[in-house]
Amino acid sequence: MQLVALYTTPERRRRRNGTEQKAARMTSLQMSAKEEMVEKFLDAAARGDVVLVTAHLAQLPSVINQTGYSGWTALMLAARNGHYDVVEKLLSHGCDKCLVNSSSQTAYDIAKFWGHRHISNLLSRTDEGSQRVLPGSEVSPQENYFSREMLDRLSGKRTDKTWLESKHSDPDTVYLMFSKLNPMVSMPQEDDGGETKLCRFRYEAVKDLLQKPATVLIFLGVEKRKNPSSSSDAVQEPPAWFAIGSDEDAVELLKRCREKNCCFPKSPHRDLLKLNEEEAGVVAQARSVLSWHSRYSFCPTCGSSTSLEEAGYKRSCLNSECRSLQGVHNTCYPRVDPVVIMMVIHPDGNQCLLGRKKMFPPGMFSCLAGFVEPGESLEEAVRREVEEESGVKVGPVHYVSCQPWPMPSSLMMGCLAVAMSTDISVDESEIEEARWFPRQQVIDSMFKGSRPTFSVPPRQTIAHQLIRHWIGINSNL
Ligand SMILES: NC(=O)c1ccc[n+]([C@@H]2O[C@H](COP(=O)([O-])OP(=O)(O)OC[C@H]3O[C@@H](n4cnc5c(N)ncnc54)[C@H](O)[C@@H]3O)[C@@H](O)[C@H]2O)c1
Ligand SMILES: [Mg+2]
Ligand SMILES: [Mg+2]
Ligand SMILES: [Mg+2]
Ligand SMILES: [Zn+2]
C-alpha cells in the first residue's frame, strides 16, 4: 500500500507529488483567498488545532470536504496524525468520510494504516467476525435524496376545515401544479447552476382550478421555520403549501405560468433527480399521494365511489353499508410499498455483489433490490431477494438508511448484508448479470478513477449512497 508521508505545514505538504510541485512554484500571492483558506484549514486539521478547525468551519462551511493541493481532506489529515477530537468535530459537521485520496484510501484506511485504532473505530465501529465486514451505525445519520422535509406536515390540521379554507386564499400560500403525476418545473437556465425548479403559484392564479370537481388538492404542510426565535415569526404563521393534481390539458396549464422554460417532465426517473434537496422532498410527498389518488379512484372493498377527505390524506367510501366505514381500514389511506435494497459484501470483506437489469443503461451495475412481501421482516426480505436474484446466501443484515422513492410510492430501505456463499446463479427474468466487484474497481468507477470498467447509479439514488457507505467503512488493508 502506498501512503504519502505527512507534513504539517502547507509549504511542506505541497512538495510531495506532481500537483504539489506545481503548487510549490506558486507564491502565496498567486493563491486565491479561498485556496489560502483551504490550505490553512487543512493545516489546522493536520496539526490537531480543533479551535481553528471549528473557526474555519463557522466562517466557510463549504471548506469541510476540500482537498487543497495534497489531494487529502481535513478528515484524512486528522486521521493520519491521530487527532481524535478533530475527526470527531469534522464528523459532527457532516463531513464526507467516503472520499478517497489519489491512492484510493479513505480516512478510515489511513487511520487504520497508521495504527490510530480509536479513530478507525470512530470512523466505522468495526468489530471481529462477521462484524469485520459489517460495521455498525453511522456517526451521523445519512440523508438521501427525496428524504429532506422542508415542510412541517401538521397532520392535525388536515381535519380543521376552517383553518384549511383560510389557508387556501392566503396570499402567502404556495401551490404546486401536477399533471399526470409530474410537477410543473422550470428547466435549468445557464445562469442558475443547472437546477430544475418547481413552479410556485399563488391563490389568484389557481382559484378557478380549486373549484373543479376533478381537481385533487393535497395539503402538504407549512414551511419549517429557519429561525424560530425571530420575533416577527411569533405573530405570522409560515406559508402553507398545497399540491394540485389537475386533469386539464397540460398546454393550458403551462400558460398559467409566467416563468420561462416551464414544462411537465416526460421522464420522472431522470428529471425529478435534478431538483434541489428541499424541493425533491416536497415532490416525494406530493407525487406519492397524488399517485395513490390516481390508482385508487374507487373503494377497494366494495367498488363504490369515494370522497376525498382530510386534506387529501383519506378516501372514504360513499356506500353507507361498506365494511371500510367501520373501524380503521388501511384501504382508506395512502399506500407505501416497502422495498429492501442491499449492498451484499463478500465473506472476504473486500468485494461486493452488484447486478444489472436489462433495462439499465449499458455498463451500469447496482445493488440488488426487491419488494418486501406480506408477513416478512426486512432481514428475511433481504435474504430471499438476494437468493432469488443471484443464488447467493446471506447471513447478517444491518439497516443503514432509507429513501422515499416516489415512482410511484416505495420506501427503499437500504441495508448492508454479509454473504455466506459466493457462487452466483442469476434469475434471468429479473437480472441480466450479477458479479462480485473488488473494492478498488468500485472506487475507480465511483470516483471516475483509472479505467472504470462499469458505472453505478447517480448520487441521488440510495444504491449509490450504499456503495459509497461501504467504501467509506470497509478498508482493503
Ligand atoms: N432508489 C434506488 O436506488 C433504487 C434502486 C433499485 C430499485 N429501486 C426501486 O425498487 C423497486 C423494487 O425493485 P425490484 O423491481 O428489483 O423488485 P423485485 O425484485 O421484487 O421485482 C419486481 C417484481 O416483483 C413483483 N412485485 C411484487 N410486489 C410488488 C409491488 N408492491 N409493486 C410492484 N411490483 C411488485 C412484480 O412482478 C415486479 O415486476 C423498483 O420498482 C425500483 O423503482 C430503487
Ligand atoms: Mg426480486
Ligand atoms: Mg429486484
Ligand atoms: Mg420480489
Ligand atoms: Zn366501499
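Predicted model: local features only at pLDDT ≥ 70, side-chain atom pairs only at ≥ 80, totals over all residues.

Me: Which protein residues are the donors of the magnesium ion (ligand 3)?

Reply: The donor atoms lie 2.1 Å from the ion, an O and an OE. The residues sit in distant parts of the chain, 20 residues apart, one in strand 14 (residues 368-371) and the other in helix 15 (residues 378-390). They are Ala369 and Glu389.

Me: Which residue coordinates both the magnesium ion (ligand 3) and the magnesium ion (ligand 2)?

Reply: The two ions are 3.3 Å apart. The residue they share lies in helix 15. That's Glu389.

Me: What is the nearest side chain of opposite charge to Glu389, and how far away is it?

Reply: A salt bridge needs the charged atoms within 4 Å. Glu389 has none, though it's buried. Its contacts beyond four places in sequence include Ser425, Asp427 and Glu430. The nearest opposite charge is on Lys357, at 6.4 Å.

Me: Which element gives the largest share of the lining of the largest pocket?

Reply: That pocket has a volume of about 900 Å³, and Lys357 is among the lining residues closest to its centre. Helix 15 and strand 15 (394-405) are among the elements that each supply at least two lining residues. The largest share, four residues, comes from strand 14.

Notes
Residues numbered from 1 in each chain as written. Chains lettered and ligands numbered in written order. Heavy atoms only, no water. Donors = N, O, S within 2.8 Å, 3.2 Å for Na, K, Ca; no water. Buried < 20%, exposed > 50% of the residue type's maximum accessible area, 1.4 Å probe, protein only. Lys, Arg positive; Asp, Glu negative; His and termini not counted. Contact = heavy atoms within 4.5 Å. 1 Å grid on protein atoms, 1.4 Å probe; cavity = no way out; pocket = protein on both sides within 12 Å on 5 of 7 lines; lining within 4 Å. Points joined across faces, edges and corners; volume = space filled by probe spheres on them.
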